[in-house]
Amino acid sequence: MIKLGQNQDDLADEIKALSGINFSACFHCRTCTNACPFLEGMDYAPNKIIRLIQFGQEETALKSSTIWVCVGCNTCSSCCPMAIDIPAIMDGLRHKAIEKGIKIAEPDILSFHTEVLNTVKKYGRTHKLEIMMRYKLKKLDLLSDMGMGLNMLKKRKLDLTPSKVKDKKAIEKIFKDR
Amino acid sequence: MKKSSKTGEIYYKPPKLKYSFFPGCSLKASGHENTMSLMKFCDRVNIELKELEDWNCCGSSSAHSINHSIAENLPMRNISLVPKGVPLLIACPSCLLRMKSMYLKIKGDEALKQEYENRWGQPFDEELEIIHFFEIFSRIRLEDYIENPRGKLKNLKVAVYYGCMLSMPPDLKDEKSYYGIMEKTLSKLGAEIAPYGYGMRCCGTYLSAAKPQIAQTVVNEIVSRAMEAGAECLVTACSMCHLNLEIRCTIKNPIPTLHFSELLSMALDVKDQKKWFPRHIVDPVPMLKKRGLITS
Ligand code: SF4
Ligand code: SF4
């Protein structure tokens, strides 16, 4: 078990509590990193994120792009010899970063998640067209991907009207105490 | 008992299987052709799917990424809607993961169980079975419904694509793995499998929207490797993967991507292709015609 740094215990314990994962067992074999399909889009490799927390480098981990680029595909956790749930750690760190008001390294990804949840809040289900429109508006970027969007419309891959849950109250209840 | 039209032999007709069906947002909307063909297939193999009444989004990666309480409560409500004694069948790997993880979490946590029961006014169903569509291949035999299975997808060379659905987080490690089920089933129907080594590479999921460049790189790699291996089409078991493979592929003249359920339905002589294929970005019709698998 590796223990270094001052804040280490605090953040490490919080992330452990949030994710329920004991990542102290990580011995940095890099299996996760070698397996990750999105390594190129990350500033720190997945095992390095674990290393940062082990070393008490809280800020750096929370500011990383890695925690946002990770899609939770579980490719890494399926082959980790220590059965460490790496995406759950990333989840914990993302929540922490939002809670602490840290500058988000990948605002587009956060904005996308927010738009998805907005439609779920409204309809109980996602509505792709609205998600994309609002996401693009926020980015002030309506033109990129336009051709693809139109093609999807033509192929009826984007429904104009959302599919909705009838029991609106139940959905409100889910979103109320967040 | 049913008589075979050709040979007059009597063969066994298995009992009807009944499931609650959770489509999820992808299958319901962009992947509607996946739902249509899946329903048809199930109908032909004597499986009754009843859509889960008033289901909601499972929360997918987005709820998981930014809000714990919502990520837990969305699947919880769905679980509370399942009629007792009927297994819940899910075809979307991502919905399955969210729902199953949550179900097992409640099962193993008395306090959470209490919270669930108070909130959703339902006793927690300890016996509820949540299964992926793949599980039905352990419960039915295709041979019971198809007379000459090997002739059905004859000579079609396919690359099967599971995406990350076979990858399981540690909390689901004890779950059954369905590795090989598409290969096995499609070869049984006469298709030839092109091995290409990228069948389990994640498709990029929502990065396709938020970071198109990253998604494009992985998608192009998957499709081009399948083509190098000689595949004439890719076959997916996930609507979202299907969409990403189609919209984020920028290589010239890519092979089409078919839903596993579409090929299954075709093997059972369902003639609804005109409802499914116009919804594909890469038209599979010319290739299927060339192979003599469809006529019009
Ligand atoms: S695979 Fe597991 S043990 Fe190896 S570096 Fe990654 S998290 Fe650590
Ligand atoms: S879960 Fe995240 S870190 Fe792990 S392989 Fe997938 S994208 Fe990479």
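Tutor: Let us begin with a term. A salt bridge is a side-chain nitrogen of Lys or Arg within 4 Å of a carboxyl oxygen of Asp or Glu. Please keep in mind that this is a predicted model.

Student: What is the general idea behind such a pair?

Tutor: Side chains of opposite charge can pair when their charged atoms come close. In this structure, Glu106(A) forms a salt bridge with Lys211(B), and their closest N and O atoms are 2.8 Å apart. This pair crosses between chains: Glu106(A) lies in the loop between α7 (86-99) and α8 (107-123) of chain A, while Lys211(B) lies in the loop between α8 and α9 of chain B.

Student: How is the size of an interface given?

Tutor: It is often given as the accessible area lost when the parts come together. Between chain B and chain A the buried area is about 4,900 Å², and carbon and sulfur atoms give 59% of this area. In terms of residues, 54 of chain B are in contact with 58 of chain A. The interface also holds 16 residue pairs in polar contact. Among the elements that give two or more residues to the side of chain B that touches chain A are α4 (68-81), α6 (110-120) and α9 (212-228) of chain B. By class, that side has 26 nonpolar, 16 polar and 12 charged residues.

Student: Let us turn to the strands. What is the order of the open sheet of 4 strands in chain B?

Tutor: The order is β8-β7-β9-β10, with parallel pairing. The strands β8 (192-193) and β10 (257-259) of chain B stand at the edges; each has a single partner strand, so one side of each is left without a neighbour in the sheet.

Student: Which residue in β8(B) stands opposite Val158(B)?

Tutor: That residue is Ile193(B). Strand β7 (residues 157-161) of chain B runs parallel to β8(B), and 2 bridges join them.

Student: Which strands of chain B does helix α11 lie across?

Tutor: Helix α11 (residues 260-267) lies across β7, β9 (233-236) and β10 of chain B, and runs at about 70 degrees to β10(B).

Definitions and conventions
Residues are numbered from 1 along each chain as its sequence is written. Chains are lettered from A and ligands numbered from 1 in the order in which they are written. This is a predicted model: local features need pLDDT of at least 70, side-chain atom pairs count only at pLDDT 80 or more; totals for chains, interfaces and linings use all residues. Side-chain values use heavy atoms; hydrogens and water are left out. Contact means heavy atoms within 4.5 Å. Buried area is the accessible area (1.4 Å probe) that two parts lose on being put together, summed over both. A polar contact is a pair of N or O atoms within 3.5 Å; within protein, one must be able to donate a hydrogen and the other to accept it, and residues adjacent in sequence count only if both atoms are side-chain atoms. Ala, Val, Leu, Ile, Met, Phe, Trp, Tyr, Cys and Pro count as nonpolar, Asp, Glu, Lys and Arg as charged, and the others, Gly among them, as polar. Two strands pair if DSSP finds at least two bridges between them. Axes are lines fitted to C-alpha atoms, for helices over the stretch in contact, and angles run from 0 to 180 degrees between N-to-C directions.
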